[in-house]
Amino acid sequence: MAPPASSSPSPLTPAMVCARQGRLRQRYEGCYRLVSGCVPYVVKEDAGEKSCQQGVLGRLQVLMISTPKRSDLIFPKGGWEDDESIDEAACREAFEEAGVKGIISATPLGEWIFKSKSKQNSCGLQGACKGFMFGLQVTELVEIWPEQVTHGRRWVPVEEAYGLCRYDWMREALDKLKEQLLFESNEFRPLPSPELVDSSSLFMVMPPAAAEGAVALC
């Protein structure tokens, strides 16, 4: 699955800051709702001998997002629709939920079966999703994105991310990302990273008043 062609940054237009709504174009596989998402990441550029000794994983940071009324974090993901490829869906969700653009990996990190947020305690396959996750090397971090009212964002070192993940399958996705980067380490070249603002200033958990109108996605 080839990554989408990279393009130069373009100014945001009103149409670009509106997230898709509804599930009229949602893809299904049997009883599973198909979901696509990504683990956005940057590998900080070498800054002397210490960084060189750390290697790729020691300089790896991932971008996680918050959701209303929760202190743990997730990665951007959402429904895969019938007018887009699976990697296009992952890139769209990354922009809508986290305000990032970048280069998506040609190979998915894996696929996982999980329940949607609203159906965590339901029996059987009600609310079941099959999710495909990709690594996304971030090249652009925008200041305005479609779902910033309900999603804050935070850069964290990859080892710290394990303790912030909401679900175990997300930790497994981090393992796969590290394996993928190590496998490609001989050919991997860090790109100029978007400006990394202090992560604490990017993190926000929305107050209840703002959260009431939020839509919970898988």
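Predicted model: local features only at pLDDT ≥ 70, side-chain atom pairs only at ≥ 80, totals over all residues.
Residues are numbered from 1 along each chain as its sequence is written, and side-chain values use heavy atoms, with hydrogens and water left out.

Side chains of opposite charge can pair when their charged atoms come close. With a salt bridge taken as a side-chain nitrogen of Lys or Arg within 4 Å of a carboxyl oxygen of Asp or Glu, the count comes to 13 salt bridges. One of these joins Glu29 to Lys130, with the closest N and O atoms 2.4 Å apart. Glu29 lies in strand 1 (residues 28-29) and Lys130 in strand 7 (residues 128-141), so that the pair, 101 residues apart, links distant parts of the chain (strands are DSSP runs of E, at least two residues, and helices are runs of H or I, at least four, numbered from the N terminus). Glu29 is partly exposed at 38% relative accessibility, whereas Lys130, at 12%, is buried (buried means under 20% relative accessible area, exposed over 50%, and partly exposed in between, with a 1.4 Å probe and protein chains only).

Within helix 2 (residues 86-98), Arg92 and Glu96 lie 4 residues apart, about one turn of the helix, and their side chains meet in a salt bridge at 3.4 Å, N to O. Arg92 is buried at 14%, and Glu96 is likewise buried at 5%; both belong to a network of salt bridges that also links Glu84 and Glu93.
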